[in-house]
Structures are given as C-alpha cells and as structure tokens.
Amino acid sequence: MSHSNKIIDSIEQIRVIYFLFFLLFSLTACKTEKKVNKEITLPFFNSAEFTPEWISEDSSKYDKIHTIPDFNLVNQDGKGISRNLYKGKIYVADFFFVSCPGICPILEKNMSKLQEKFKDDKDVLLLSHTVMPIKDSVPVLKKYAIENNINSDKWNLVTGDKEQIYNLARKAYFADEDFVKTQDENAFIHTENFVLIDKKGRIRGVYNGTLGLDTERLIRHIEILKKEG
C-alpha cells in the first residue's frame, strides 16, 4: 500500500471515530435533555398511591387528570369558601385541628413560612381544613388565626360539614394514608401532608409538612408551577 493510500485510510478512520463520537454525544444529550425536562416539570398525581405521572397536553390522558371537586366551607371570618376562589390559583392544602398538641403546631409554623414567602404573590394561596369541625367553629378559628398572625387574604382556615371535609381529605386530596390501608370511614384523620394544587385544580406534589427541608422543596416546586402560566 502506498504512503498516500495509508494517509487516506487514516483520514477515513478519523472521520468514522468522529462520527461515532458525535452519535454517542447526541444520544447522551437527548437522554439528558429528557431528564432535565422531567425534573423541571412537575408530575400529576391521580390516585392515593401518589404515583407520579408526567402527562403531556397532547396525551389522551390529559383531560382525565384527577382534579379537586367543588366544595362549600366557611373560613375564620365567617366567609363562604368554595373551589371558585382557587380557580386560576396555585394553592397548598392541609388538614389540622386547633387543639392538636402534636404535629399541628409544626404544620402551622411551616405554613406560616409559606405565607411569608408568598405574601405579595396573589397567585399563591393556602387552605387549611379542620378535621374537628364540631369543636373548631368560626370563632375558634378566628382566635387561632389572630394568635398565629394568619392573613385571611392569603390563608383560609375552613370548617363545615364533617362528611364533606373527610371526603375531601380522602378522595380529593388523598391526604389520609391510613384510609388507603384500612378503608375505615369512621377513623379520625390526622395527616402531616401538604398537598400542592395547580391553577387547574390538579395535584402536583405531596410533602411532609413537619419537615423544614420538605417545605423548602415545596417552595421550589411552587416556583416551577408559576412558570407554567
């Protein structure tokens, strides 16, 4: 083989190597891009198992995504609160009761962090349901709100029909883990979950409201939802 032919063969080998390298890089970049897109787009949650699902708008599943149904409750100011108030808003829901000595004070503390963080953001609201509506009347909730510097323009503490509240907790927000296991409708609801709802009333995240780190993660996820428009 002549010297010139050897040079040509070497050039061809280099071209093949560059092509394979480029192909490998392209496939890796594609996978990375998909991973990044998944990380910056929050999933949907359609069942109490909280299995995350990334569903695109062109999917046949998109119009069947689980949404929070309408409700009619009363807040700490005696004002009627329904699902309409939260349409077009991002909000965080939880369940508590005023006399709770355990996790509820911690939930209140971390909800207060959210209130402070988004105090000037009209697109972010908070919603706390009492699971003891017989005791937590409007005056009781009002006193609790005053003692904890709760702003009713940002954060609604709601009471009302017990059956409605418990149905919301279990079947709308999937907030009662014990009910998933026992299906006992007579059991008392006591959950530490914060549930993140998007502007269309769909569940986009669940967080342990007693943990500061999870509250910070929730704040980051709210910022992601705000970018969805």
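Predicted model: local features only at pLDDT ≥ 70, side-chain atom pairs only at ≥ 80, totals over all residues.
Residues are numbered from 1 along each chain as its sequence is written, and side-chain values use heavy atoms, leaving out hydrogens and water.

Okay, the sheet. Five strands make an open sheet, ordered β7-β6-β5-β8-β9, with mixed pairing. Strands here are DSSP runs of E, at least two residues, and helices are runs of H or I, at least four, numbered from the N terminus; two strands pair if DSSP finds at least two bridges between them. At the edges sit β7 (155-158) and β9 (203-208), each pairing on one side only. β8, residues 193-197, pairs with β9 in the antiparallel sense over 5 bridges.

Now helix α2, residues 104-117: it lies across β5, β6, β7 and β8.

So which residues does UniProt list for "binding site"? In an unreviewed entry, they're Cys100, Cys104 and His190; positions follow the numbering used here, feature names are shortened, and annotations may be inferred rather than shown by experiment. They're spread over 91 residues of sequence, yet they cluster in space, with a largest C-alpha distance of 9.5 Å.

Cysteine 100 is in the loop between β5 and α2, while cysteine 104 lies in α2 itself. Is cysteine 104 buried or exposed? Buried, because its relative accessible area is 3%, and buried means under 20%, exposed over 50%, partly exposed in between, with a 1.4 Å probe and protein chains only. Cysteine 100 is buried too, at 5%.

Terms used:
Contact = heavy atoms within 4.5 Å. Axes fitted to C-alpha atoms, helices over the stretch in contact; angles between N-to-C directions.
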